Amino acid sequence: MGITIIQKSDLSQKKTNPKIALVLAGGAITGGTFKVGGLKALNDFLVNRKVTDFDIYVGLSAGGFLAAPLAGGISPEEMLKSLDGTSEYFSQLSPFHVYWPNFSEYLERPLSYLYRRATYLPGILYDFVRSSPKLWPLFRDNFMQFVSHPNYSNLESMLKPLARVVYSTRSMPSISQGLPTGLFDNHRLEKYLRTNMERNRLTNNFKTLRRVRGKSLYIVAMDIDTAERIIFGPDEKSDVSISQAVQASSAMPGFYKPARIKGVDYVDGAVRRTTNMDIAIKKGADLVVCYNPFRPFNNRIVLEYLREEDKYVTKNRRISDNGVLMVINQVFRTILHTRIRYYIDQIQNDQNFKGDIILIEPKEDDAAFFEMNPFAFWNRAKAARHGFTTVRESIEARYDEISAILNSYGIETTREIVDLDYLKISKPTSDDATVMTILEKESPKKGTKQHPLELVSNG
């Protein structure tokens, strides 16, 4: 199944003023849109408290990009519409926001490398000339000592002052210094989020968000110079805007250059931890709903021994048959998922935690999602559609358990809405580029549509 449940509270007791958290892990491009579709399915199950009505939001990387608007009152339906340009509130997310080339470093770093390489030897000669008044007497005495007693110690004493001049102020530039620190620059993602928050008059400040809506948002990144986990939030590091924190958290190493914000270089928060559920629990969450789109694929191999040829063959393809990228994909997912399972085991045995966790993931045999390129923007609609379908099926399979947990926290559930949307999404369509044309509900009556600003005000 795609659902893991840690149930430690007394479900027979209705919770009084419980805190509910939504934790969204990373997932790159297809993982992010996969989560949007899944959040739409989860939202359809909820009646009186939607995913925009939780108390605590924790996001990193692509999860941070989703957590920020959710905390501000933007629904998964509007996020889906922004993928195909049908949203009235959020502009369409385009490949130019995601794949903006790292132009500045493409030019600056190679030119800087060539300049340092060209000036290295002239610079050393300049250092020798500048140091010669003090260097020459010392070198002369050591040279005479070496001539009279030629041994390694005297040779070292003679060359040490020269080496000090060569290496004290200059070093031979490495060719790696001429390479860009990332293929792309994610500053346009920050601008996209900031601009859309401004046009909908949503706050871009962690503390103001908590004061206005009563929602605590936490975005996680890593300081590349110290390797420390950095938590941005209303009662954590709050000297940067929400959109800047999302930029820091989504700077995937190699794909994006580190996000330099107020002089500090940040990279993807998933480098340190996969989900950061511990933040939600430390901030007082009683119920944690966590969504992790990446887990390893269980590709069960069926072996057959050919006695005549004395070798084993498989009836299905191995992961390695699909090339190095699939091997890296599997390894990457395994590392991330292992850390989640380790934390789940820890929290299961933690006597201090008396709450509940609902972890949503793809099924371990989900070949369709596993084979999607994590960075393929053109697969966004397919990933969103698949996320909706698989989450709907996973929750449906354990509906009674999940419903019992949610009801104890005062959250009513229903199958009706998600079943209607499932019927729509199951219909064949020739246009795979749109999402909400299939997923959105019947158009509301005139005058019933609620602007995100009203959601903020009502919060």
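The protein chain exposes about 23,000 Å², and carbon and sulfur atoms supply 55% of that area. Accessible areas come from the Shrake-Rupley method with a 1.4 Å probe; for residues, only the protein chains shown count as cover. This is a predicted model, in which local features need pLDDT of at least 70 and side-chain atom pairs count only at pLDDT 80 or more, while totals for chains, interfaces and linings use all residues. Residues are numbered from 1 along each chain as its sequence is written, and side-chain values use heavy atoms, with hydrogens and water left out.

**Overall build**

The protein chain holds 17 helices and 13 strands. These are DSSP runs, numbered from the N terminus: helices are H or I with at least four residues, strands are E with at least two. Along the principal axes, the C-alpha atoms fill a box of roughly 95 × 75 × 50 Å. Of the 459 residues, 50% count as buried. Buried means under 20% relative accessible area, exposed over 50%, and partly exposed in between (1.4 Å probe, protein chains only).

Contacts are heavy atoms within 4.5 Å. Among contacts with a separation of 6 or more, 77% join residues 24 or more positions apart.

The chain carries 61 positive and 52 negative charges, and their mean positions are 5 Å apart. Lys and Arg count as positive, Asp and Glu as negative; His and the chain ends are not counted. Each charge is placed at NZ of Lys, CZ of Arg, CG of Asp or CD of Glu.

**Aromatic pairs**

A pair of aromatic rings is described by the distance of the centres and the angle of the planes. Rings of Phe, Tyr and Trp (its six-membered ring) pair if their centres lie within 6.5 Å; planes under 30 degrees apart count as stacked, over 60 as edge-to-face and the rest as tilted. The count comes to 18 aromatic pairs. Two of them involve Phe-255.

| Pair | Centre to centre | Between planes | Class |
|---|---|---|---|
| Tyr-99 and Phe-255 | 6.4 Å | 70° | edge-to-face |
| Phe-184 and Phe-255 | 4.9 Å | 50° | tilted |

The Tyr-99 and Phe-255 pair links distant parts of the chain, 156 residues apart. Tyr-99 sits in the loop between helix H4 (95-98) and helix H5 (103-148), Phe-255 in strand S7 (residues 254-256). Tyr-99 counts as buried at 19% relative accessibility. Phe-255 is buried at 11%.

Phe-184 lies in strand S4 (residues 182-184) and Phe-255 in strand S7, so their pair ties together parts that are 71 residues apart in sequence. Phe-184 is buried, as is Phe-255. Ring pairs link Tyr-99, Phe-184, Phe-255, Tyr-256, Phe-375 and Phe-377 into a cluster.

**Charges over rings**

A charge sits over a ring if NZ of Lys or CZ of Arg is within 6 Å of the ring centre and within 35 degrees of the ring normal. The charged end of Arg-188 sits over Trp-100, 3.6 Å from the ring centre. Lys-15 lies over the face of Tyr-409, 4.7 Å from the centre.

**Positive phi**

Arg-201 is not a glycine, but its phi is positive, near 55°. Arg-201 is found in the loop between helix H7 (187-199) and helix H8 (206-213). It is exposed, at 57% relative accessible area. Asn-276 also has a positive phi, about 65°, without being a glycine. Its place is the loop between strand S9 (264-268) and helix H10 (277-282). Asn-276 counts as buried, at 2% relative accessibility.
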